[in-house]
Amino acid sequence: MVETMNTALLGCQPSGIRKFTALAKAEPGCLFLTIGEPDFSTPDPIKEAAKTALDQNLTHYPPNAGEPYLLERVSQFEREKNGVEYSPQEIIVTDGATEGLCLALGGILNPGDEVIVPIPAFGLYEPLVKLFRGEYIPMDTCGDGFQITAQNLARHITAKTKAILLNSPNNPTGAVYTPESLEAVYQAAKEKNLFVLCDDVYAQLVYGPYQSFSRYQDIREKIILIQSFSKPYAMTGWRMGYLCADRLIIEQLAKLHSYMVVSAVSFLQKGCVAALDYDPSPMVEAYRRRRDYMYGRLTEMGMEVQKPQGAFYLFPSIQKYGMDSETFCVRMIKEAKLAAVPGSCFGADGYIRLSYCYADDELRQCLDRLERFLATL
């Protein structure tokens, strides 16, 4: 009966990140630089707020879009932190950013609609676009320093283009889009009938100037902003996020949200309010210190790598070693007992992704192993 199932689903492949993590786990003594998950625990004030909510028996159905107190707090946060105005009625509390992406893509795509995705890109985007019967259009940015140019974007826009999906800071590169990149997208979206989906889940993990595309509020009816509590507050297992969009768009996406999940978990929403009141800067500074250490070590080894301006990844080139990224990563697991993610998982085969969500001593051991491995090539 499997062959009679949804052909879009059958054509999807399992996560490459999980695949290489599993391969490494089967190798005794292997160290990991694969998973993009904070190594910190959820801060105590956030956990206490959720515990208190349980004790208060906040375990019943909440409103579909979210509890009013959380919607108000998200609205205030976006206004104060990012300078954008979304009323509580223009927000949906989601089961993580993944559901937010599903709502956005499921809500805008008709069969055959094209979604432009700058690559390297998170591996989730392509299967989601295809599951919702869209056409995934990768736009290579490797030759432009992982930035978007008006010329490159224009080459990819067709009569079928429905949206462009932005992820800044970017997974896997750590790149933050420059004002010039954002302006190129803005001009295209303004001139064409395009949605811009902003996957801003790393927006609080930045090490310099940052602006979200959502600042272009004069075209707010074309913007869908997707956020998550997972990365900045070490809440990956909570599966909580939110989506912001113009009122008329939200009214339609709210229907899909109610059909898919009914609502986000009731008592966790108190924890989310506490998260938005929490200052994650100590964690950001720890990531910054690790970034600087790893970047310094990689450049000393002679690896070609761009210094990331956000998130917690480095994306060095391996092109000079004369092998594809999967071969490189398999050999590194077998020969160096060290796991990374092949760039092919992100649409960029000549690279590997290294996560620095690990303790300082563990990072040192990993980079020592990487250095010895490179010396054998």
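Angles under 35 degrees count as roughly parallel, over 145 as roughly antiparallel, 65 to 115 as roughly perpendicular, and the rest as oblique. The views below show a predicted model.

View 1. Helix 5 spans residues 96-108, and helix 9 spans residues 247-260. Their axes come within 9 Å and cross at roughly 125 degrees. The crossing of helix 5 and helix 9 is right-handed. Helix 5 contributes Glu-99, Cys-102, Leu-103, Gly-106 and Gly-107 to the contact. Helix 9 answers with Leu-253, Leu-256, His-257 and Met-260. By class, this contact has five nonpolar, three polar and one charged residues.

**View 2. Helix 4 runs roughly parallel to helix 10.** The axes of helix 4 (residues 68-82) and helix 10 (residues 268-276) come within 9 Å. They cross at roughly 20 degrees. Because this is under 35 degrees, the two helices count as roughly parallel. The crossing of helix 4 and helix 10 is left-handed. From helix 4, the contact draws on Tyr-69, Leu-70, Arg-73, Val-74 and Phe-77. Facing them in helix 10 are Gln-269, Lys-270, Cys-272, Val-273 and Leu-276. Seven residues of the contact of helix 4 with helix 10 are nonpolar, one is polar and two are charged.

**View 3. Helix 10 is largely enclosed by the rest of the structure.** Eight of its nine residues are buried. The buried residues are Leu-268, Gln-269, Gly-271, Cys-272, Val-273, Ala-274, Ala-275 and Leu-276. Their cover includes helix 3 (44-55), helix 4 and strand 2 (91-94).

**View 4. Helix 2 lies roughly parallel to helix 12.** Helix 2 covers residues 16-25, and helix 12 covers residues 325-336. The axes come within 10 Å and cross at roughly 25 degrees. Under the 35 degrees cut-off, that makes the pair roughly parallel. Helix 2 passes helix 12 in a right-handed crossing. Lys-19, Phe-20, Leu-23 and Ala-24 form the helix 2 side of the contact. Glu-326, Cys-329, Val-330 and Ile-333 form the helix 12 side. Six residues of the contact of helix 2 with helix 12 are nonpolar, none is polar and two are charged.

**View 5. Cysteines sit in a structure that holds zero disulfides.** A disulfide needs two cysteine sulfur atoms within 2.5 Å. For Cys-345, the closest cysteine sulfur is in Cys-329, at 7.8 Å, so the two are too far apart for a bond. For Cys-357, the closest cysteine sulfur belongs to Cys-366. That distance is 12 Å, again too far for a bond. Cys-357 has a relative accessible area of 3% and is therefore buried.

**View 6. Ala-359 lies in the loop between strand 12 and helix 13.** Strand 12 covers 352-355, and helix 13 covers 360-374. Ala-359 counts as partly exposed because its relative accessibility is 38%. Leaving out residues up to four places away in sequence, Ala-359 touches Asp-39 and Arg-290. Tyr-287 is 72 residues from Ala-359 in sequence. In space, Ala-359 and Tyr-287 are 10.0 Å apart, C-alpha to C-alpha.

Terms used: Residues numbered from 1 in each chain as written. Predicted model: local features only at pLDDT ≥ 70, side-chain atom pairs only at ≥ 80, totals over all residues. Heavy atoms only, no water. Buried < 20%, exposed > 50% of the residue type's maximum accessible area, 1.4 Å probe, protein only. Axes fitted to C-alpha atoms, helices over the stretch in contact; angles between N-to-C directions. Helix = DSSP H or I, 4+ residues; strand = E, 2+ residues; numbered from the N terminus. Left-handed = near helix turned anticlockwise from the far one by under 90°. Contact = heavy atoms within 4.5 Å. Nonpolar A, V, L, I, M, F, W, Y, C, P; charged D, E, K, R; others polar.
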